[in-house]
Amino acid sequence: MSSTSAAPTSDLKNVVIVGLGLSGAPTANSLASSLPPSHRLVCISATESAYYPPAALRGGTSPAVELKKHSVVVDKAFSEFGLGSEIEFEYAVLAMGSEYPAPCRPINGQSSIPEVSNALRALQADIARSSSLLVVGGGPVGIEFSGEVSYLYPEKKVTLVHSRASFLDDDGFKKSLGESLLGQLQKMGVEVVFNAKLDTGELGTGKIEEQEFDLGGGRKVQCDFLFKAYGNSPATSLLSPHPDLLNDAKRVRVRPSLQLDSDDFSHIFAVGDITDIAESKQWAHAEKHGPVVASNIVSLINDPSTTNLKRYSAAAPLIAVS
């Protein structure tokens, strides 16, 4: 929990941001420099530090428990900011992000810096003492992790299993990009298996007893480390009492202004992975949501009846390859 203010807390109106990940933090930065003195920015985060998922492959859930029309209920009071466990707001921004298997999110729910660091070091140690790694899921995360391990440990066997016939074939990228990535991985010694679906049962990412997995079609693979590079979903459980605010994929319906697509909740905005914006859910796109939201909130504070709000346009797909 953090708060910025310049006037007595009892006189301030709150603008609340739920989630301080890759979309919430840029939104907070944009708002912090533009809110009028009559308003205070209140940021709610489950962790005490930023967690950067792309770097986690190499190297937020929210504590909010209930969202009401003009307040959010959190798990404890923050008397140092003059706030109880129910925080009223004039405007709010939802930036809860996505739920991913570890290590793309803190492992086993750790929230403190030492806990997260220790968990990542333990994962690194498990990888170092494994001889055969199985990566399930050939999206950007699976491709990145396979490349990282093969670069650092060229002697280890790495098998990447993908359910589709090629890489990135449904994300709007050119076919040649997927072919290039395949060639680079194979050059590094990664064995890539397409058109294979694998049931890993209750196993999660990490060191396992060496065992054999059936890939179908007579193909089998043995491994002693499993990495799940699939299973991400929008972290929108906070909105489960309001199913009309979500689409069939459980993403938040938003207007071009990034307001929730509801007259009753138009004072609430959403950014990042949780939105139903038709673009790939990537940090490079999500960080551009914040300035739009910040500008629109300030405009509404200055003139609540204004309809002259900034509009966000969906971005084209992109990927960085190094």
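A: The accessible surface of the protein is about 15,800 Å², and carbon and sulfur atoms account for 49% of that area (Shrake-Rupley method, 1.4 Å probe; for residues, only the protein chains shown count as cover). This is a predicted model, in which local features need pLDDT of at least 70 and side-chain atom pairs count only at pLDDT 80 or more, while totals for chains, interfaces and linings use all residues. Residues are numbered from 1 along each chain as its sequence is written, and side-chain values use heavy atoms, with hydrogens and water left out.

The protein has 322 residues, and 47% of them are buried (buried is under 20% relative accessible area, exposed is over 50%, partly exposed is in between; 1.4 Å probe, protein chains only). Its secondary structure consists of 7 helices and 15 strands (DSSP runs numbered from the N terminus: helices are H or I with at least four residues, strands are E with at least two).

Now to the charged pairs. Side chains of opposite charge can pair when their charged atoms come close. The protein has 7 salt bridges (a side-chain nitrogen of Lys or Arg within 4 Å of a carboxyl oxygen of Asp or Glu). One of them links E90 with K13, at 4.0 Å from N to O. E90 has a relative accessible area of 26%, so it counts as partly exposed. K13 is also partly exposed, because its value is 45%.

Two other salt bridges meet at R255. One runs from R255 to D261, with the closest N and O atoms 3.3 Å apart. D261 is partly exposed, because its relative accessibility is 45%. The other runs from R255 to D263, where the closest N and O atoms are 2.8 Å apart. D263 is at 66% relative accessible area and therefore exposed. Through these shared partners, R255, D261 and D263 belong to one network of salt bridges. R255 itself is at 23% relative accessibility, so it counts as partly exposed.

K228 is a charged residue without such a partner. It is part of strand 13, which covers residues 219-228. K228 is buried and has no salt bridge; D199, the nearest side chain of opposite charge, is 7.1 Å away (Lys and Arg count as positive, Asp and Glu as negative; His and the chain ends are not counted).

Another lysine, K250, stands out by its backbone. Most residues other than glycine have a negative phi, and most peptide bonds are trans. K250 has a positive phi, near 65°, and lies in the loop between strand 14 (233-234) and strand 15 (268-270). N195 also has a positive phi, near 55°; its place is the loop between strand 11 (191-193) and strand 12 (206-216).

K156 comes in through its distance to S131: the two are 25 residues apart in sequence, yet their C-alpha atoms are 5.3 Å apart in space. S131 sits in the loop between helix 3 (113-128) and strand 9 (132-136). Its relative accessibility is 43%, so S131 counts as partly exposed.

Y151, L152 and M188 make a nonpolar surface patch of about 360 Å² (residues with over 30% relative accessible area and no salt bridge; like charges are joined within 9 Å, nonpolar side chains, namely Val, Leu, Ile, Met, Phe, Trp and Tyr, within 5 Å). Y151 belongs to helix 4, residues 140-152, and is exposed because its relative accessibility is 67%.

Three strands in the order 4-5-6 form an open sheet with antiparallel pairing (two strands pair if DSSP finds at least two bridges between them). Strand 4 (66-67) and strand 6 (86-88) are its edges, each pairing on one side only. Strand 4 and strand 5 (residues 71-73) run antiparallel and are joined by 2 bridges. L67 has V72 of strand 5 as its bridge partner.
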